Amino acid sequence: MGAGKLKAVVVDAGPLIHLAEISCLKFLNIFDALHIPEAVWLETVAQGRLSHSELSTLQSIQRHSPLSSEVEQFVKENRLLHLHAGEQECLFVCLSQGISMLLTDDMAVRAAAKQLKILPVGSLGIVVSAFKRGELTLQEAERFIADLYDTSSLFVTRAIAELAIEQLRAADREQERERP
């Protein structure tokens with residue numbers, strides 16, 4: 001199937017929860033390593049929103065337990081007090097570990113990531129990336145985008161879901177042009 005894995009990422013709770021709701025956690029295996037801060041682990045696994053067995057399907061999970069004093073200093077310096085603990089830790093881990101991509105569905109976190117020169121990618125983008133890497137067909141990818149909109153707890157507008165489907169179709173057309 002797809003080429004080599006994508007680089008390491010930090011994962012916020014949203015994509016873990018939303019992809020699990022549509023049985024698509026496996027798409028996170030397109031990344032070389034998944035860095036999960038302790039606050040995100042507590043928000044997902046410890047609260048029963050995700051089971052340990054669901055996460056066991058993922059390869060290369062690296063958990064991080066940053067020092068609260070370091071995170072607090074980072075949050076103050078970067079004016080991130082409006083974010084939740086897991087989101088704060090995600091951004092901290094990105095910068096402290098030199099990881100340039102954050103998987104998150106939260107708009108406030110996406111804005112903060114961009115200010116910190118971190119690329120935010122949401123659940124829809126993960127499905128699009130999995131398609132581009134040959135992990136699923138166009139029809140499967142379209143169905144998963146629809147499932148994120150229709151059945152998951154992800155808040156996404158119809159227009160955004162349709163934009164993601166158009167990105168899938170554009171990538172499919174590009175792949176068709178490249179085939180011999």
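Predicted model: local features only at pLDDT ≥ 70, side-chain atom pairs only at ≥ 80, totals over all residues.
Local features need pLDDT of at least 70 and side-chain atom pairs count only at pLDDT 80 or more, while totals for chains, interfaces and linings use all residues. Residues are numbered from 1 along each chain as its sequence is written, and side-chain values use heavy atoms, with hydrogens and water left out.

**View 1. The open sheet of five strands.** The strands follow the order E3-E2-E1-E4-E5 with parallel pairing; strands (E, at least two residues) and helices (H or I, at least four) are DSSP runs numbered from the N terminus. Two strands pair if DSSP finds at least two bridges between them. E3 and E5 (119-121) stand at the edges with a single partner strand each, so one side of each has no neighbour in the sheet.

**View 2. The pairing of E2 with E3.** Four bridges join these parallel strands. Leu 34 has Ile 61 in E3 as its bridge partner.

**View 3. Helix H2 and its surroundings.** The buried residues of H2 (38-46) include Trp 41 and Val 45, where buried means under 20% relative accessible area, exposed over 50% and partly exposed in between (1.4 Å probe, protein chains only). The buried residues of H2 pack against several elements, among them helix H1 (13-21) and helix H5 (85-97); contact means heavy atoms within 4.5 Å. Gly 48, which follows H2, has a positive phi near 75°.

View 4. A disulfide is a pair of cysteine sulfur atoms within 2.5 Å, and the count is zero. Cys 90 is buried at 0% relative accessibility, and Cys 94 is buried at 1%.
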